Amino acid sequence: MSEVRFNELRGEEVVYAIHRQERTFLPAREHCPLDPTKPGGPKTEIPYPSFEIVVFENRFPAFEAPHGAAEVIVYTDQHEGSLATLSPQRVEDLMWVWRHRYAELGAREQTRYVMIFENRGVEVGVTLHHPHGQVYAYPFLPPVPALELRADARLGGCATCALLADELSDGRRLLFCDERIAAYVPYAARWAYEVHLVVRAHRASLLECDAEDLRSLARSLQTLVRGYDALFERPFPYVMVVHQTPTGEVPDGLKRSGHVHLEFYPPLRAAEKLKYLAGSEQGAGTFIADTVPEESAAALREAIALGA
Amino acid sequence: MQDPRDTQDTPEQAGRDGRTADVASESERCGPVTVERQRKDDGRALILYSHGDGDAP
């Protein structure tokens, strides 16, 4: 069982999940726990010889019911691949799975925030290469979504709607858009190739998205990841997070607002160079960037054209 | 704003009950996806999602 302590200086919770020290770490290919269980083969987390999408409770959870949840979402029974290489139908189905997990975990009494995410690449600490993501249900409101609520309050409305309108109007950082989804490098991106995929209509969460929203989101997701992979002609590492409205109480003075969008935080600042969170980023909380978003967006637009 | 705690469909009810639903519900769907709930040997929840009417093992 994890322990949550409140760090008074930072004004934030820290989770101690010491059992995670023992979690499976980069196993040999033949011992992947996310593979299907083949007849006569080693037993894996999924006791079937084939499957489409599977969700299960993490064996090494950061959070456990009733004080939250930690689940693994396995995208495919194929060990090799990524969001870029899955069939469009599978990625669209995955959007519905995300919606389902948000609904179910968010309805639990002690859940205050549901976060769906994917870590891709050893550069961001991936321990299993099989295509998968995760979902955490937090028993408290974490700092980043709390900041988003404060941005809504500060701007007197939906901050994401306002920023989206600015990006569409400016256009220099826009990567692509259709009637439902827009993708851009944000004006004040912290990471060199940070991208936000935003549902253009104001939707607080995936629960408010209709089938066409989800279809477009899936298509946009694949377009972006293929572009990322084309940028440096290598699998592109990233942390991807689905931002949605909190499902529980929010701090006094704030409204339970929000606008569903995906944020990608890639650690690469060049083909072979990582951005490290060092003195200024960790000590002051201020990112020092080596690139400008307009140039990153131009490079990504070219890569997306190549990846199409 | 749609709130998962204000809705009445199956996953939300399971959430209100405090855990992932414990019973297989053959008719449960989420959009085009069929949902089949199971338990692993150690008690952890496992959910199979299949496109269409489902081709779960």
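This is a predicted model: local features need pLDDT of at least 70, side-chain atom pairs count only at pLDDT 80 or more; totals for chains, interfaces and linings use all residues.
Residues are numbered from 1 along each chain as its sequence is written, and chains are lettered from A and ligands numbered from 1 in the order in which they are written.

Chain B has 57 residues, of which 28% count as buried; a residue is buried if 20 or more other C-beta atoms, placed from the backbone, lie within 10 Å of its own, exposed if 12 or fewer, and partly exposed in between. Contacts are also worth a look, two residues being in contact if their C-beta atoms, placed from the backbone, lie within 7 Å. Among the contacts in chain B between residues at least 6 apart in sequence, 5% join residues at least 24 apart.

The meeting of the two chains comes next. Here 27 residues of chain B are in contact with 33 residues of chain A. On the chain B side, helix H1 (10-16), strand E2 (33-39) and strand E3 (45-51) each supply at least two residues, and E3(B) gives the most, with seven residues. By class, this side of chain B comprises 14 nonpolar, seven polar and six charged residues; Ala, Val, Leu, Ile, Met, Phe, Trp, Tyr, Cys and Pro count as nonpolar, Asp, Glu, Lys and Arg as charged, and the others, Gly among them, as polar.

The sheet itself runs across both chains. Strands of a sheet pair through backbone hydrogen bonds, either parallel or antiparallel, and two strands are taken to pair if DSSP finds at least two bridges between them. The open sheet has 12 strands in the order E7(A)-E8(A)-E9(A)-E11(A)-E10(A)-E5(A)-E6(A)-E4(A)-E3(A)-E3(B)-E2(B)-E1(B), with antiparallel pairing. Strand E7 (174-177) of chain A and strand E1 (29-30) of chain B stand at the edges with a single partner strand each, so one side of each is left without a neighbour in the sheet. Where the chains join, strand E3 (residues 53-57) of chain A pairs with E3(B) in the antiparallel sense over four bridges, and Val54(A) stands opposite Leu48(B). Within chain B, E2(B) and E3(B) are antiparallel over seven bridges, with Arg37(B) opposite Ile47(B).

Four bridges join E4(A) to E3(A) in an antiparallel run, Val54(A) standing opposite Val74(A). Six bridges join E4(A) to E6(A), again antiparallel, and Gly133(A) is the bridge partner of Ile73(A). Val74(A) is buried, with 24 other C-beta atoms within 10 Å. Leaving aside residues up to four places away in sequence, Val74(A) touches Leu34(A), Ile46(A), Ile53(A), Val54(A), His130(A) and His132(A).

Finally, two helices of chain A meet. H1(A) and helix H4 (residues 211-231) pack at an angle of about 120 degrees, with their axes 8 Å apart; axes are lines fitted to C-alpha atoms, for helices over the stretch in contact, and angles run from 0 to 180 degrees between N-to-C directions. The two helices are therefore oblique to each other, given that angles under 35 degrees count as roughly parallel, over 145 as roughly antiparallel, 65 to 115 as roughly perpendicular and the rest as oblique. The residues of the contact of H1(A) with H4(A) divide into eight nonpolar, one polar and three charged.
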